[in-house]
Amino acid sequence: MVLFLQQVVNGLSTGSTYALVALGFGLVFSVMRVLNMAQPDLAMVGAFVAYLIAAKLLPLSLTTTTSMALGIGVFVLVLLGGMLGAGVGGVILERTVIRPTRGTYILIPFIATAGVGIFLENGANVLFGSNPVSIPEVIPYDVISIGGVTFTVMQLISFVLAVAMMVALRFYVKRTRWGLATRAVAEFPDVAASCGVNVNRVSVLTVGIAAAMAGAAGVTIALLQTSADPFMGLALGLKSFVCMLVAGNRHIEAILAVAFALGVLEALVGGYVSSQLRDAVAFALLLAILLFRPSGLFGSYAT
Amino acid sequence: VVIASLISPYWDSVATTAGITAIIVLGLYISNSAGALSVAHAALAGMGAYTGAVLTTNFGWPFIAAIAAGCVVAAVGGVFLALVTLRMNPLVAGLTTLAFGETMVVIAYNINYIGAASSFYGIPPDTSLGAVYITLAIAMFFAWRFESSRLGLAARACRDDRVAADAAGINVTWVKTAVFTLGAALAGVGGVLSAHYILVVRPSDLSFQNSLPLLIMWVFGGSYFFVGPVFGALTLSFLPELLRFSDQTRYMLYGLVLTAVIVRRPQGLIGRVPLGSTWSPLRHLRSRPKVPEDPHPGLEEPSDADRELSS
């Protein structure tokens, strides 16, 4: 039982990183019908911004502190830096690549953003080398144990962060003016435009927010693994993509739930069945969903 | 290409790989010519590769027979995929093929007979540069004839407007399945050639990571005319090698060139009509050129919506 719960906890921690990238995927796809293949690489950008701040900019005394409060303060700083870096990258991406190609055949923005992904990966490879860079443990390595189930503070933070991001995104989409405009564009782009919604601005905001969330994911992963490498986006991308498809892109909560569920399922299959089948879980799930509910478990906007 | 191969064995290998890739991308083009979207051609080619490799290595079949067998196996996979994805829209169809490809990877990892995770070794080196380019020439001739054949025209009609094609008496089910199968068979041939050149088949060869470049080459070269995909495959295979003067940054430049070309010329380098140009749910969202100045001011104010869209 303890082992089982331990696997669940580890799965939730992995799932939270899928969730942050998948939320951005879902947001961009639902609003603009663009599969932004550069999304996981923007997470990589966030991770390297975190590396620059934590390993190069801040003094060692701050990043290896034993005080939890200070550690969390530094974490917030690094997180904001990573989100800002990736967010700016997202806005540039929107202006240069997504805006000219959106509304065409679905493959065109897909391949254009995949090209951006190749560019970012190899750009980081040139700048930082292909070996993983090591990142100091900003959050002190404290192990919390509840009834034999152990997890680190960082794992807890990654879980809380994913939920908090989902709540914030939900608030933005459902309660704010720009969120309303975003939903209008997602539902009926033509009608929204004719009602005076500035579609281009919605598009910039959407991609920017999605990129910032990817950045947060990148920072979280970097600090969970205490390392980052230029090609870390590859593995992350396909999994979170599957989360978005299985959940459907209509409900933000659904994407989060599916991401957690996938993380837990993977951990359980990896722990009890075989570690080789671990990566197959996502695609078996995807195949089943596509055959029986092509618009995802909880519904999607029409394509 | 011939000149390149004469210069050094290094360029010989680049040219051979480029030719094999061109054959598989041509298969992708034919498969997708009736409006399907396959993200699994690396998997189909890989199925052909495994088949051909096992037959020549373990059973001593002649190379030509192995090619034929690989072709048949990939075609069977193609029929299956075509029937499953027949009624789906391009996005869902593409994702289903993606899941199919990844499932094939897992299956390949778990069959010990074909080496499982430690790959399939010991394949005889039967593929030569000449064989590859003769096959490519035959495939291109076949594609050229296909484009103006009844089947090719019917496929084009299905892609442009499925309902109209149906109304005009075209058997859409048959055309889409047949075309997809032909393309899959060609990919299988490419796979067998590749297996006998690289001399090892790995489960990861079947994955999406290897299908994506094929898709990129197809769209990059031009998706509406059979020369396009071949051109795209050859160009993008040679491009990183030609960029070797900047060894570190060449893949970065590759990404940059790719993005720039797709953004500037969504129809690809060869061809006039962009992919999916006839129908798109978001066609009104394309960024448009600025609304020209009204020659008679005051007669008709452009609406707010026009301003929003053109800004």
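The model is a predicted one. Within chain A, helix α2 packs against helix α9, and helix α10 packs against helix α11.

**The contact between chain A and chain B**

- Chain A gives 52 residues to the contact, and chain B gives 52 residues as well.

**Helices α2 and α9 of chain A**

- Helix α2 of chain A, which spans residues 39-57, packs against helix α9 of chain A, which spans residues 199-225, at an angle of about 55 degrees and with the two axes 7 Å apart.
- Because of that angle, α2(A) counts as oblique to α9(A), and the crossing in which α2(A) passes α9(A) is right-handed.
- On the side of α2(A), the residues that meet α9(A) are A:Q39, A:L42, A:A43, A:G46, A:A47 and A:A50, and their partners in α9(A) are A:A210, A:A211, A:A214, A:G215, A:G218, A:V219 and A:A222.
- Sorted by class, this contact of α2(A) with α9(A) holds 9 nonpolar residues and 4 polar residues, with no charged residues.

**Helices α10 and α11 of chain A**

- Helices α10(A) and α11(A) pack with their axes 8 Å apart, at an angle of about 125 degrees, and they are therefore oblique to each other.
- As with the pair above, the crossing is right-handed where α10(A) passes α11(A).
- From α10(A) the contact draws on A:K239, A:C243, A:M244, A:V246 and A:A247, whereas α11(A) supplies A:A254, A:I255, A:V258, A:A259, A:L262 and A:E266.
- By class, the residues in the contact of α10(A) with α11(A) are 9 nonpolar and 2 charged, with no polar residues.

**Salt bridges**

- Side chains that carry opposite charge can pair when their charged atoms come close.
- Over all chains, the count by this rule comes to 6 salt bridges, one of which joins A:R250 to A:E187, with the closest N and O atoms 3.3 Å apart.
- This pair links distant parts of the chain, since A:R250 lies in the loop between α10 (232-247) and α11 (252-273) of chain A, while A:E187 lies in helix α7 (residues 177-187) of chain A, and the two are 63 residues apart.

Technical notes
Residues numbered from 1 in each chain as written. Chains lettered and ligands numbered in written order. Predicted model: local features only at pLDDT ≥ 70, side-chain atom pairs only at ≥ 80, totals over all residues. Heavy atoms only, no water. Axes fitted to C-alpha atoms, helices over the stretch in contact; angles between N-to-C directions. Helix = DSSP H or I, 4+ residues; strand = E, 2+ residues; numbered from the N terminus. Parallel < 35°, antiparallel > 145°, perpendicular 65-115°, else oblique. Left-handed = near helix turned anticlockwise from the far one by under 90°. Contact = heavy atoms within 4.5 Å. Nonpolar A, V, L, I, M, F, W, Y, C, P; charged D, E, K, R; others polar. Salt bridge = Lys/Arg side-chain N within 4 Å of Asp/Glu carboxyl O.
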